[in-house]
Amino acid sequence: MNLNCTPAEEAFRRQVRDFFENEYPRDLLDKVRNGDILGRADHIRSQRALQSRGWLAIGWPQEHGGPGWDATRRYVFEEEMDRAGVPHLLPMAILYVAPVIYTFGSTDQRRRWLPDILESRSLWAQGYSEPEAGSDLASLRFRAERDGDHYVLNGTKIWTSYAQWADWIFCLARTSKEPRKQQGISFICVEMSSPGITLHPIISIDGLHHLNRIEFKDVRVPVTNRIGEEGRGWDYALFLLQAERLSYAHVARKKQDLKQLQRLAAKLPSDHDGSMLDDASFARKIAACEVQVDVLEISVLRVLTASTTVSAAEVSGLKIFATETAQRITELYVELAGRSVAPWPDRHLVGWRDLAPGVPDFAAPWTASYLFERAQSIYGGATEVQKNIIWKAIGR
Ligand SMILES: Cc1cc2nc3c(=O)[nH]c(=O)nc-3n(C[C@H](O)[C@H](O)[C@H](O)COP(=O)(O)OP(=O)(O)OC[C@H]3O[C@@H](n4cnc5c(N)ncnc54)[C@H](O)[C@@H]3O)c2cc1C
């Protein structure tokens, strides 16, 4: 594998870097750098800034509004995006449901939903999990009963990320009872403003509102909101999950995080002489983590440039490794923050830094990340379940 870019790719890299340095909204980069909390409007502004160049939907085919880049250009772009410190994309529309819409949706559905997603006029949420259907998703009980040219939806979805910001939610719903539980499931898109939907916030361990429980009571949805065939939703759900699990790597962001960790460690005194970076034990941990990120990078590049379809087991392996690496980085930050992780100010408050004098600025956001990143072993499919997928593939 040749990791060197061609002169044309390097020119492309400079063009992208120039955009982030000179055109992209600086205040958003400052917010991310300062560990401030971003709201819906911030994310929309960020996505629209990318789309002003046609650079939001980088994985979509050109005919549907993607830039038509090859794997290397996509990788270079994501590297530059993470290097600049751009807020993460809200993935549910751009990365998850849009490929389902342009691959399995009708022409009408593409026309209806894709332009709004591209312009961030509509945000989406993912309605897969239920109180008793997570790892064993196919046992879901959420019902969609046919009533003329509508479905009537009843049931509960849970752990629904950013549903409080969403205009639409894509749901897996049982449209018939079949002998195999994976059968009889359909993929249905619902407007969040529909009568009968009630949203209950769930506050996570980091004190923030990422998650929700959503009750559906007799929610009427036109049949034309179903993507693909009735009863074939499980196939579309798995197609989407592959994309979701591949989206977690964020290699360039991890590299930046490790560089910043080193800069901070060079400034903070250790219990012995010198800085934390002079501490052999801590320096060794950073080095081991750098190797881990390098291995992740090579693994991601292998998948991106693979000539054959990537297997579910490979995707699962990558998800586990990306998760462990992300969690390890947050652990190193918490170790560096040491005692400072204890006073933990509410970052919604203006001037939150002044509430904990003497505490380094990075301590609060990174303590929050440390706590929330534990969830990466769960969302998108728990680590144990990914190991089962790998084991089944090896056993064959
Ligand atoms: C931060 C966060 C964001 C999320 N966002 C969304 C979202 O936007 N939309 C959405 O639909 N869902 C979302 N989820 C839900 C997520 O997909 C589920 O939590 C996940 O699939 C696990 O399901 P569960 O919570 O029901 O746990 P369970 O399935 O009950 O699992 C509990 C434990 O048992 C283990 N386990 C279960 N089955 C097996 C097995 N066969 N072998 C070995 N171990 C097993 C699991 O690994 C886990 O440790 C989110 C979750 C989190 C934490």
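Predicted model: local features only at pLDDT ≥ 70, side-chain atom pairs only at ≥ 80, totals over all residues.

Residues are numbered from 1 along each chain as its sequence is written, and side-chain values use heavy atoms, with hydrogens and water left out.

**Aromatic rings**

- Rings of Phe, Tyr and Trp (its six-membered ring) pair if their centres lie within 6.5 Å; planes under 30 degrees apart count as stacked, over 60 as edge-to-face and the rest as tilted. By this rule, there are 23 aromatic pairs.
- One of them joins Phe-20 and Tyr-24 edge-to-face, with 5.8 Å from centre to centre and 65° between the planes. Both Phe-20 and Tyr-24 are buried (buried means under 20% relative accessible area, exposed over 50%, partly exposed in between, with a 1.4 Å probe and protein chains only).
- Trp-55 and Trp-69 make a tilted pair, 6.1 Å centre to centre with 55° between the planes. Their pair links distant parts of the chain: Trp-55 and Trp-69 are 14 residues apart, each in the loop between helix 3 (40–51) and helix 4 (71–84). Helices (H or I, at least four residues) and strands (E, at least two) are DSSP runs, numbered from the N terminus.
- Why does Trp-55 count as buried? Its relative accessibility is 6%. Trp-69 is buried too, at 15% relative accessible area.
- A single aromatic cluster is formed by Phe-12, Phe-19, Phe-20, Tyr-24, Trp-55, Trp-69 and Phe-77.

**Charges over rings**

- A charge sits over a ring if NZ of Lys or CZ of Arg is within 6 Å of the ring centre and within 35 degrees of the ring normal. Arg-73 has its charged end over the ring of Phe-12, 5.2 Å from the ring centre.
- Lys-157 likewise places its charged end over the ring of Phe-142, at 4.7 Å from the centre.

**Around the ligand**

- Which residues come nearest to the ligand? They are Ser-129, Ser-135, Trp-159, Ser-161 and Glu-384, out of 17 residues around it (a residue counts if one of its heavy atoms lies within 4 Å).
- By class, this shell has 8 nonpolar, 8 polar and 1 charged residues. Here Ala, Val, Leu, Ile, Met, Phe, Trp, Tyr, Cys and Pro count as nonpolar, Asp, Glu, Lys and Arg as charged, and the others, Gly among them, as polar.
- A polar backbone atom of Tyr-128 is 2.9 Å from an oxygen atom of the ligand.
- Trp-159 has a backbone N or O atom 2.8 Å from a ligand nitrogen atom, and Ser-161 has a side-chain N or O atom 2.8 Å from a nitrogen atom of the ligand.
- On its own the ligand has 970 Å² of accessible area, and the protein covers 65% of it (Shrake-Rupley method, 1.4 Å probe).

**Single residues to look up**

- Trp-159 lies in the loop between strand 3 (150–158) and strand 4. Its phi is near 60°, a positive value in a residue other than glycine.
- His-250 also has a positive phi, near 45°, and belongs to the loop between helix 7 (233–246) and helix 8 (251–267). His-250 is partly exposed, with 41% relative accessible area.
- Ile-169 is part of strand 4 (residues 168–174) and is buried, at 0% relative accessible area.
- Trp-366 belongs to helix 11 (residues 363–373) and is buried, at 14%.

Methods. Polar contact = N/O pair within 3.5 Å; in protein donor to acceptor, adjacent residues only side chain to side chain.
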